[in-house]
Amino acid sequence: MMDTIGRLASQAGRKVRRFPAAFARALVNALRNIGVALISWPVLLSGGGTRITDLLATAGSMLRMVLKRLRHNLGLTVSALVGVMAVLGMVICVPIFSHTVSGEILRQQLEEKALSTNRFLFSMHMYYVDKRSASRLNLEEIRTVTQMIRSQTQAQMGLPVDQMIIRVQTAAVALRPQRPMGDVGPDEAWISMSFISQENVPELATLVEGEWPKEASPGSGPIQVAVLQETADQSFLNVGDRFSVGDQEVEIAGIWQAKDPLDKRWFDLPTTAFSSAMWVPTGTYFNRLGTLLERPVFYISWYFSFDDARVQFTRAPQYARGIVRMTNELSRVLPTITADHSPLEALEAYQGRAESMTTLFYAVGGPMVVLALLFISLTATIAVQQYEQETATMRGRGTSWWQVVSLNLLESVLLVLIAFLPALVIGWLAAGAIHQTLSFLKFTNRGAIPFSLQGINFLWLLIAALLIILARFMPNLGISRTTIVKLKQEQSRSLKKPIWQRFYLDFLLLIPGIYAYVTMSGLAKPLKFLSNLEADGGTQYRDALLFVAPALFAMALCMIAQRVLPLLTRLLAWAFDKTPGVWAYLSIQQIARRPQDHASALLLIMISLSLAIFSASTAKTLDQWLHDSQYYKSGADLVVHEYVVTGGDVVMGAGDIQRGAVTLSDLDVNVINYVSMEEHLKLPSVEHATRVGKYPGTFSYGAGEIDAYFMGIDRLDFPQVAFVRDDFGDQPMGALMNALAADPNAVLIPKEMGVKSGLRIGDHLLASIRILDQRIERDLIIVGTYDYFPTIYPADDPTLVLNLESLFDNPEAVIGYDVWLDLRPNTDVELLIYQLRQMMGSDKAVVRVVGDALREVRASMDQPERVGLFGVLNVGFLATGLMPGIGFVLYSYASLRRRFIQLGILQAVGLSTRQLIGYLALEQSILMGLAIFSGALIGLLTSHLFVPFLQVGATPGKPIPPFEVLIGWGESAWLSLAFAFVLFLTTLGTIAYLARIKVFQAVKMGETL
């Protein structure tokens, strides 16, 4: 072992000793090669020029050939451009929408902050506090920092400073009066104050007495100062008073007050910032105080703002980076400088929100991009089939594989370049359509969004372009190596499966969907690293897994169905073999013999239909949940509490009256809140009205007192107004209301409480209910149970439902209730509230809105994540209906052209035109029928499996009310009919084509087609 180590060490030593010589030889060789190149450069350049010319000529020839191909197959070219623009448009529209909406939210946040702090919309405040350990700060350093702020904001943020306010302040100094003041002698301090300089104080303030101090040069007379009026009054200071600070005199030249203390140019309120400070001009500060005080700058701040008109909130990431870089640069010059007011936090929140929305919308729109890529691949496959005879001939005559491939790559690159500018416009228009989304396939007017390239990730655009080129390249990969013999073999019977079938990519794609299902359903625990990734989600519109996994699952099932379809066609071939007529048997055999010809078209239709059904089911379910959750929370369209308070000196809130937190005797007031429901119904916008009172109290049944709420309702009117669903209990709402009518003291209890406590129908409860300053005792009898009831949540104290009037001895004495209103469509709530006040007939009438389901639903529908999600679903739904239809028409047309000779020969051997029509129509009907049936079945299965999991992010814990899954049956039927209509059109086109076909033309033209 030691010998081996020694031998290795010896070899290493020899290599180290040889290194200088080896390095010298390498250097000499390099210099020699450079010299040779310099001497022979004219010859090399002439040869290289020839090669470059040849390459340019070849490229030009290829470009002309590609352009001729595109022009000759104009329909395929336009279709391919549609697919390319769809992919690029999706990549472009998502960040445009995300950043535009996030920028608008950022503006609202900054406006709210500016309004609450009374500062500029886009401004910063930085300050520095002197430390004894630091060097003394002088005027030049302050000027340097000021200039750095101006230059850095321009360089790093791209924004010039609109205005800058600099405030410089000394530490507090003792002012000794030169004349006797009170009991203070000449050697004692009357007050301690600091000197402060801020250039715009004379502009923002007005003199109460005296004049503004004049700027003093070094050593010339007393230092003139101005003090705030409140400070002068509190400290008994007057104009002309003189004080000593060290060996210098300080004279009060003026007393001032702010014109507008809330002016945004004051960073701090002047009564706070200048309460113990004497204002001096900037020149006086640095000319006189620099010699008077050892450390004249104790505190300095820079308050600067930017022009709101030049701020583009879509550039928030650049602003955030610029603020961080500027702060770091300033910290190098002034290490302890601190920013205590800046938009950085809001900018970072904007960036995080925009990025999370972009990620979610890309995830939701990803399947649509895959569909577009499939469409592009389909058009490329059809184009390859058009060129297969030509390509095989070129390969047989010596054309290299790389030259054939280069034509395809050049064609793809050219299509991407042509589609790029239109894709920008389409992406912007799609982003505008997303912005206008109200619900699934419903739109509203939210105003146009500005066209901006900010937020567009050009790396993603490059990746999308590469995917497009790859999607067009894959069909050409096989044909580029095909000889004429192989081509004829493939035309007779296809033996080669698609690449995803050969490598079982469809089964691999099924794994994420299965994983999502078993983890969401609780059958298995999520993997640790994936659960950590999902920890940031948890909200209904931000958990990408809820939308990505089902799409992958549906796509995988469609691909697996493609494996099964050939088996079905063989079964059909066996069945048609027993039937008379050769045309049907030939049609089935054509499908079974060359399944790859129709694989792309069928897969496109199946995936689009399945995803469209899942998208429709998702949108309908989320729409319904949004409506139900807000209406359950409010109880009805509008819930108000009406009252008039008179007498007494104390103002009582409506909440105190309703909850019984105070008593009338304590406040010495009169409460009037009785307005009949008939009067409410006279209002033009009110459809139905009812009273609902909720009062605290206790009840007992032999096991001690239990805190509870008692909800009194008018059983006749309540079902007409309140939000109810059939699944709120074992019995419908009408049966429960009839049960309450059976006994004045009847009560409904929560079913869960009854199960836990053992209470059953017919049991009695002793209830004590507190209504304002009254306590009412009632013997209640249980007549029914409920699982859910409007406005009642299981997490709260149990709520018992009973007849409202039974709580009071006199029906006209009912007080402390809310009015639930069922409104007519398009009701103006503000106008209705005004009408309610007028109806109450008092200028002291109060109408407090307790619940407004209409407003809450609309606010939730305007949530950016929801708008974007539904917008992407809408755009995807429309795209999934358009591209497969175009694809199937292209497939049918290409199939007819490719089989022109075959059709002519079949007609020549005896098949009539009617039989040819039946032959092709049956083929297309079987293909489209299988695709529609499979896609619809997979879409419905995916919806049934995954839509219920959307409740995971709806609310923490169990959703209230229960999540109701809605399947898009209507949308499924309409989309299936749309595809059937496409089939009908292609069949008509086939009939028209076959009606004009002539046998001698097909046979004579031979393989030229």
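Biologist: What percentage of the residues of the chain count as buried?

Modeller: The chain of this predicted model has 32 helices and 23 strands. Among its contacts with a separation of 6 or more, 81% join residues 24 or more positions apart. Of the 1009 residues, the share that counts as buried is 49%.

Biologist: Is S301 buried or exposed, and which side chain does the side chain of S301 join in a polar contact?

Modeller: S301 is found in strand 10, which covers residues 299-306, and because its relative accessibility is 3%, under the 20% cut-off, S301 counts as buried. Beyond its sequence neighbours up to four places away, S301 touches M126, Y127, I165, I166 and R167 as well as H125. The side-chain polar contact of S301 has a length of 3.5 Å, and its partner is H125.

Biologist: Which residues does Q169 contact, leaving aside its neighbours within four places in sequence?

Modeller: Q169 has its place in strand 2, and at 16% relative accessibility it counts as buried, because that value is under 20%. The residues in contact with Q169 are S194, F195, I196, A277, Y285, P296, V297, F298 and Y299.

Biologist: Which strands do the buried residues of helix 8 pack against?

Modeller: Helix 8 spans residues 282-292, and its buried residues are G283, T284, Y285, R288, L289, G290 and L292. One of these, Y285, is also in the list of contacts of Q169, while L292 is touched by V245. The strands packed against the buried residues of helix 8 are strand 2 (161-169), strand 4 (191-198), strand 6 (223-228), strand 7 (242-245) and strand 8 (248-258).

Biologist: How many Å apart in space are V245 and P177, C-alpha to C-alpha?

Modeller: V245 is placed in strand 7, and with a relative accessible area of 5%, it is buried, because the cut-off is 20%. Not counting residues up to four places away in sequence, V245 touches V173, A174, L175, V250 and L292. P177 is 68 residues from V245 in sequence, and their C-alpha atoms are separated by 9.4 Å.

Biologist: Is helix 4 roughly parallel or roughly antiparallel to helix 9?

Modeller: The axes of helix 4 (residues 139-157) and helix 9 (residues 316-333) come within 9 Å and cross at roughly 150°. Because angles over 145 degrees count as such, helix 4 is roughly antiparallel to helix 9. Residues that meet between the two include V145, M148 and I149 in helix 4 and Q318, Y319 and G322 in helix 9. Helix 4 passes helix 9 in a crossing that is right-handed, and the orientation asked for is roughly antiparallel.

Biologist: Is N826 buried or exposed?

Modeller: N826 lies in the loop between strand 22 (818-823) and helix 26 (829-840), and its phi is near 60°, a positive value in a residue other than glycine. T791 also has a positive phi, of about 75°, and T791 is buried, with a relative accessible area of 15%. The relative accessibility of N826 is 82%, and because this is over 50%, N826 counts as exposed.

Notes: Residues numbered from 1 in each chain as written. Predicted model: local features only at pLDDT ≥ 70, side-chain atom pairs only at ≥ 80, totals over all residues. Heavy atoms only, no water. Helix = DSSP H or I, 4+ residues; strand = E, 2+ residues; numbered from the N terminus. Buried < 20%, exposed > 50% of the residue type's maximum accessible area, 1.4 Å probe, protein only. Polar contact = N/O pair within 3.5 Å; in protein donor to acceptor, adjacent residues only side chain to side chain. Contact = heavy atoms within 4.5 Å. Axes fitted to C-alpha atoms, helices over the stretch in contact; angles between N-to-C directions. Parallel < 35°, antiparallel > 145°, perpendicular 65-115°, else oblique. Left-handed = near helix turned anticlockwise from the far one by under 90°.
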